[in-house]
Amino acid sequence: MMDQIITRLKNSRSVLLATHVNPDGDAIGSLLAMGLAMETLRIDAKLFCQSPIPALYRFLPWSHRVCRLPDDIKKYEAAVILDCGEFERIGDSVEYVQQIPVIINIDHHFTNTHFGSINLIVTDACATCEIVYQLLLEMGVTINQPIARCLYTGILTDTGSFRFSNTNRSTFEICEELVKVGVNPHDVAKHVYGQYSLSRIKLLNLALDSLEISKNGKISLMTLTDQMLQETGTQNEDVDGMINYARRIKNVKVAVLIQEYRNGRRRTGERGRYHVSLRSDGSVDVANIALFFGGGGHVTAAGFCTESHLSHLKETIFKLAEVL
Ligand code: AMP
Ligand code: MN
Ligand code: MN
């Protein structure tokens with residue numbers, strides 16, 4: 001699979017690199033690392049993500065080069081889609097991007113739909129950045145400090161700072177190599193975890209205050225409304241990671257965070273649009289739950305989008321607790 005990808009990329013003059021909406025560290029790290037690598041190979045690469053790059057990740061090289069529209073689709077000979085379990089995860093331009101003759105799908109979600117013409121899906125990779133690292137080595141790309149910094153950031157964030165169950169020996173082996181070429185772990189950690197705005201901490205306060213626990217204590221639920229974001233002056237990106245507080249509670253098997261979309265519900269009582277994040281302690285497969293609701297993810301971290309009344313959505317979630 002890697003050989004096919006390498007041949008295809010090396011024979012392309014121009015490629016589109018894309019990742020998922022509301023990008024996390026792995027999405028951004030893999031996108032930027034691929035972009036930087038393409039430059040060393042003198043392949044013209046356009047970097048695309050529909051959502052803005054969160055402020056926390058703007059310290060990464062080339063983060064300012066990411067475009068929010070994939071212009072002039074005809075010029076691309078191939079597209080590389082990173083960290084997306086389904087093609088639709090890239091957002092509204094999926095039908096447009098689909099027209100690119102070769103779609104290279106690089107991902108680590110076991111729910112991946114193999115939507116590409118070439119699919120490199122490594123479900124035991126801790127992050128898409130791990131797969132990109134291996135691919136770049138195979139391609140003969142020198143992993144320089146800027147590339148290493150992007151890859152390290154993706155691995156750091158997708159493993160929850162080396163704490164989640166996807167953390168394994170190769171995680172540390174790769175990170176050792178990345179540190180060898182100049183990544184400073186403390187410096188990356190300072191950028192990613194040490195630059196929170198006061199608004200974000202105020203939003204965390206509201207998130208913690210919204211905590212509800214199912215009767216049997218197995219499900220914890222946080223709710224963030226659009227109004228809470230407006231009140232605190234925060235963005236969707238500021239919600240990232242807050243679900244971990246709900247997961248840490250003793251005896252909780254599944255933590256849930258319901259987040260209302262901006263303008264998701266115009267009037268009280270109307271159905272709203274919500275993103276639901278799921279995390280498990282490892283004893284429950286939340287990807288399966290997410291799949292049931294039309295989403296996807298990993299065994300311990302998954303998500304889906306839904307249109308519903310908030311009270312009905314909460315009820316549905318708490319009913320799940322009874323069968324856990
Ligand atoms: P999140 O809760 O948004 O941080 O996402 C956790 C995991 O679930 C990630 O691996 C995502 O790729 C996946 N995921 C989140 N939302 C969706 C969705 N709407 N459809 C498919 N997968 C999703
Ligand atoms: Mn991701
Ligand atoms: Mn990932």
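H20 (NE2), D24 (OD), D24 (OD) and D83 (OD) coordinate the manganese ion (ligand 2) at 2.1 to 2.7 Å. Donors here are N, O and S atoms within 2.8 Å of the metal (3.2 Å for Na, K and Ca); water is not among the atoms, so sites may look incomplete. This is a predicted model, in which local features need pLDDT of at least 70 and side-chain atom pairs count only at pLDDT 80 or more, while totals for chains, interfaces and linings use all residues. Residues are numbered from 1 along each chain as its sequence is written, chains are lettered from A and ligands numbered from 1 in the order in which they are written, and side-chain values use heavy atoms, with hydrogens and water left out.

**Manganese ion (ligand 2)**

- Along the chain, its donors follow the spacing H-x3-D-x58-D.
- D24 sits in the loop between β1 and α2, and D83 in the loop between β3 and α3; the pair links distant parts of the chain, 59 residues apart.
- Helices (H or I, at least four residues) and strands (E, at least two) are DSSP runs, numbered from the N terminus.
- D24 is partly exposed, at 22% relative accessibility.
- Buried means under 20% relative accessible area, exposed over 50%, and partly exposed in between (1.4 Å probe, protein chains only).

**Manganese ion (ligand 3)**

- The protein donors of this ion are D26 (OD), D83 (OD), H108 (NE2) and D158 (OD), lying 2.1 to 2.3 Å from it.
- Their sequence spacing is D-x56-D-x24-H-x49-D.
- D83 bridges this ion and the manganese ion (ligand 2), and the two ions lie 3.8 Å apart.
- D83 is in the loop between β3 (78-82) and α3 (94-97), and H108 is in the loop between β4 (102-107) and β5 (118-121), so the pair ties together parts that are 25 residues apart in sequence.
- D83 is buried, at 2% relative accessibility.
- H108 is also buried, with a relative accessible area of 2%.

**The sheet**

- An open sheet is formed by 5 strands in the order β2-β1-β3-β4-β5, with parallel pairing.
- β2 (44-48) and β5 stand at the edges with a single partner strand each, so one side of each has no neighbour in the sheet.
- On average, neighbouring strands of this sheet are turned by 15° against each other, direction ignored.
- Strands count as paired if DSSP finds at least two bridges between them.
- β4 and β5 run parallel and are joined by 4 bridges.
- I104 has I118 as its bridge partner in β5.
- Helix α2 (residues 25-40) lies across β1 (14-19), β2 and β3, and runs at about 165° to β1.
- Axes are lines fitted to C-alpha atoms, for helices over the stretch in contact, and angles run from 0 to 180 degrees between N-to-C directions.

**T123**

- T123 is in the loop between β5 and α4.
- T123 is partly exposed, at 48% relative accessibility.
- Not counting residues up to four places away in sequence, T123 touches H108, H109 and F110.
- Contact means heavy atoms within 4.5 Å.
- T123 and T167 are 44 residues apart in sequence and 13 Å apart in space, C-alpha to C-alpha.

**E130**

- E130 belongs to helix α4 (residues 128-139).
- Beyond residues up to four places away in sequence, E130 touches A125, I155, S170 and I174.
- E130 is buried yet has no salt bridge; R169, the nearest side chain of opposite charge, is 11 Å away.
- A salt bridge is a side-chain nitrogen of Lys or Arg within 4 Å of a carboxyl oxygen of Asp or Glu.
- Lys and Arg count as positive and Asp and Glu as negative, with His and the chain ends not counted.
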